[in-house]
Amino acid sequence: MSKRSAKIVREVAAEGIVLLENIDNCLPLNNDNSVALVGKGCFEYLKGGYGSAEVVSNYTIGLLDGLLARKAKICDKSLQKNDVYDLETLNNFAKESKTALVMLTRNTGEGRDRAVSDFNLSFEEEQLFELLDKSNFNEVVVLLNIGHIINIAAMKQYKKIKAILLVWFAGMEGGNAICDVLYGDVTPSGKLTDTIAQNYYDYPSSDTFHDFPFFVNYKEDIFVGYRYFETFSKEKVVYPFGYGLSYTTFAFENVKYDFDDTQISVSVTVKNVGNRAGKEVVQIYSSSPKSDVLKSLIELRAYEKTKLLQPGEEQTLTLSFSIDDMAYFDERRASYVLEEGIYSIFMGSNVRDCVLCGEYKQNFEKVVYSTTLKFSFGLPYKINEDGKFVKTTYWGVSQEQNSATVFTAGAEGTLLESRSNSDDDLKQERNKYSLYDVEEGKISLETFIKTMTSAQIIEMTMGQPPALIRGTAGIGNIPSLKIPNPQTADGPAGVRSTIPTLCFPCATLLACTWNDDILFSVGAAMGDDAISNDVDILLAPGLNIHRDPLCGRNFEYYSEEPIVSGRSAAAIVRGMQSKGVGATIKHLAFNNKEENRRESISIVSERAIREIYLKGFNIAIKEGNPWCVMTSYNLINGIRTAMHDGLLKGILREEWGYDGLVMTDWHVNSHLWREIKAGSNIKMPCGYPEEIQQAKDHYKGNLISRKELEECARYILQTVMKTRRFKERNFGKTQKIDEFNILDFICLSATWSGTKREDDGTLSLTDIGLDRRGNDTFIDYRIENDKTSEFILRITASCLNSGQSVEIFMDGEKLVEVDCNTQNCSFEKFYVFESKPFVVPEGVHEIRSYVRGAKASDSIHYKKWEFIRK
Ligand code: BGC
């Protein structure tokens, strides 16, 4: 890990920390004054959440490490991690230190939502604050080490709390970054990308978030976050969208407003009139003319951050946006419409604190863009002018129909070609070229694809085995056509592996920087780390909208605001891809809660879909051009996103002109052939032979066409050709079989692998696990044999269930089956299983191993394979 990378992790963390309160200029702290660490949170710093954004880092700097590193004065007595305090103890600390630091932590992650109790302060936290109020401390500084918003308003009642810093999950350098801000080496310039309300139930989504496991009514429609609060419920806001304090003061001077036929622009001189160097964010909002159409009172249009301004220094920024951006989506006409009337343009440092800087008059109603409706259901509820929910005449999903199966049906595909796609076509051997002939300009990609058999393409529409430790899946992988197996890996906070990598701050912190340049550098550093770990495509960034504060994955996403989400994602994508590493924006779309995420139906109006939930993806694609898009697990208005042709073909390809690869999320509950028809290109991760077979059968039965397959092949191969693995002609390692050779599993592909820490502190691989997860998963390996002879295969493995076996294929033909049946099953117990003898001819061979078993959850962990020459 380079010093440069650690520096950017620390720099961005400090820039995304948001200062929420600073009564009596309590911060920055003075290095000469001692601080006391109160509460166990001070000793339990969380660098990130769990799930796809979980990263094993080389080291983690927690709060205490950060304080020690800068030689801060700390009350020794407070260094004992403690759960419960009494007044006497606290007053003892206060004899040495006048400032108490309290860090509140909340873990969160993929696959689970948070409970309302996680939002609220716990009884212990309340008691601690009460006690601190009675103590002899002068001031309490609260650090919020969280991945989702909590009840910050509740802290306002404690009079000793003088400062609150929202430090989020600040990554592996978090402790250093927090201290940089606490002690004023960095002036805070982070701004909220979400509204902080008084109470969880003030958020309009709270009404429906936990209602039903099988569906969620997005009743609030377009009124997400500040759009709701600023329009209907201003008084419920504690810290508005865009808000964040500084240690210095900025004046906005010389404001100039201008417009032409297409653009509105505002220029402003930002002057640092305080006495510390700092950065400020200028935010431009607009409000639309009043009409029958219910609209948000105010909406973000543009933003820009200054450079670091020294006291007295100034910078002029010019911000502009397209007039057409102010159009709303009219469902009746399926059109974006710019209403006639006066649009007011505001400028300021947050959604509340902004002033009118100009007006724009639209003289006639303009239909900006007409399309067709792609998401036919409407909302069963709508919000009216008073902010109340009322039933609509739209037909949505009723409670009785709260089963996903009702909606997964639909047309089973239509006959596309009169010609029958015969078995022969599937098997026809017509491969004459390799993918390098395309690279060398000998043939076009289209011609190369024509030489592929339909069977080859169908197999390629399935993800390929991961060849990295804790890798997720590969793509392509037809060595005979010189198509390598480029590797994907998670995720939004950096490369997820069991080998230590760089852990960046969570996405929400990144977005709170409102700084595209620094996010570009973060993306580039992620790209560098991906290269060091042999990763070709990162499964990041995530940019689902923060609809509700309790969504377990909010920390992996940026904001409640689509422009902030889209721009942040685009900057990260550009940075990553500048290094030749592909980005995957995810999860398209409406993945706004985690509970029952594979089966939950998001019921959203087409207007909210377009104005809120898809807009960020559109911006990220326009401004970042990511190599890949990952669809979500959930269903949208009854149809799985991975098989939604309105979303994929209609919007992504036709309306947005996206030319990259579309992959599903991992183990999504939809069928490959339906995904192909809808415009998805790869089903992730790998295995699923019955899905491949079904797709082949439906191809033969004319339910999918050759044209549809060729489309998939084009998107897959275009992406493969961009990767380093392709450019470096890297087809992985081939293992030579010598006598009693033990395969080197570190380079062997597998779905899961474990590491263990040795006594000397190094990490070593313990085993390779093949996890069947309801479908066959396989691993691939290449062996080289110097003379034709008979072998047996000896496998040392542990099994989760009895009745399992391992099937070995060589060059596509079944070689042998190894019975791995044991009674005493456990992952801790390793057994040795031996195959019958088989012949391996001289030369290089592809070996593929499948786990077969009686139960869907069967899995096997390999410790070693030995090819033993007889
Ligand atoms: C997550 C994705 C992730 C994938 C691979 C899924 O469960 O939803 O975000 O990239 O797993 O780990």
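**Charges over rings**

Arg567 lies over the face of Tyr303, with 3.7 Å to the ring centre. Keep in mind as you look around that this is a predicted model.

**Aromatic pairs**

- A pair of aromatic rings is described by how far apart the centres are and by the angle of the planes.
- The structure holds 27 aromatic pairs. In one of them, the ring centres of Tyr228 and Phe232 are 5.6 Å apart and the planes are at 50°, so this pair is tilted.
- Tyr228 and Phe232 are four residues apart in helix 7 (residues 226–232), which means that about one helical turn separates them.
- Tyr228 is buried, with a relative accessible area of 9%, and Phe232 is buried too, at 17%.
- Both rings belong to a cluster linked by ring pairs, whose members are Phe119, Tyr200, Tyr201, Tyr203, Phe223, Tyr228, Phe229 and Phe232.

- In soluble globular proteins, nonpolar side chains tend to be buried together.
- Here the largest nonpolar core has 166 residues, and the ones that touch the most other members are Leu20, Val38 and Leu144. Helix 15 (residues 562–577) gives the most to this core, contributing seven residues.
- Apart from this core lies another one of 47 residues, including Ile449, Ile457, Ile704 and Phe726.
- Which residues does Leu20 contact, leaving aside its neighbours within four places in sequence? Its partners are Leu144, Ile152, Ile164, Leu166, Leu192, Ile196, Tyr239, Tyr243 and Leu245.

**A strand hairpin**

- Strand 16 (residues 341–348) and strand 17 (residues 354–362) run antiparallel and are joined by eight bridges.
- One of the bridges has Gly348 paired with Cys354 in strand 17.
- In a regular strand the side chains alternate between the two faces of the sheet.

**A buried arginine**

- Arg496 is placed in the loop between strand 22 (487–489) and helix 13 (507–512).
- Is Arg496 buried or exposed? Its relative accessible area is 14%, under the 20% cut-off, so Arg496 counts as buried.
- The side chain of Arg496 reaches the backbone oxygen of Gly51, at 3.2 Å.

**Backbone details**

- Most residues other than glycine have a negative phi, and most peptide bonds are trans.
- The peptide bond from Ala540 to Pro541 is cis, with omega near 0°. Pro541 is found in the loop between strand 23 (537–538) and helix 15.
- Another cis peptide bond runs from Lys586 to His587, with omega near -5°. His587 lies within strand 24 (residues 582–588).
- Asp534, a residue other than glycine, has a positive phi near 65°. You can find Asp534 in the loop between helix 14 (516–532) and strand 23, where it is partly exposed, with a relative accessible area of 30%.
- Asn596 is not a glycine either, and its phi is positive at about 50°. Asn596 lies in the loop between strand 24 and strand 25 (601–603) and is partly exposed, with a relative accessible area of 29%.

Conventions. Residues numbered from 1 in each chain as written. Predicted model: local features only at pLDDT ≥ 70, side-chain atom pairs only at ≥ 80, totals over all residues. Heavy atoms only, no water. Pairing = 2+ DSSP bridges. Helix = DSSP H or I, 4+ residues; strand = E, 2+ residues; numbered from the N terminus. Core = buried A, V, L, I, M, F, W, Y, C linked by side-chain atoms within 4.5 Å. Buried < 20%, exposed > 50% of the residue type's maximum accessible area, 1.4 Å probe, protein only. Contact = heavy atoms within 4.5 Å. Polar contact = N/O pair within 3.5 Å; in protein donor to acceptor, adjacent residues only side chain to side chain. Phe/Tyr/Trp six-rings, centres within 6.5 Å; stacked < 30°, edge-to-face > 60°. Lys NZ or Arg CZ within 6 Å of the ring centre and 35° of its normal.
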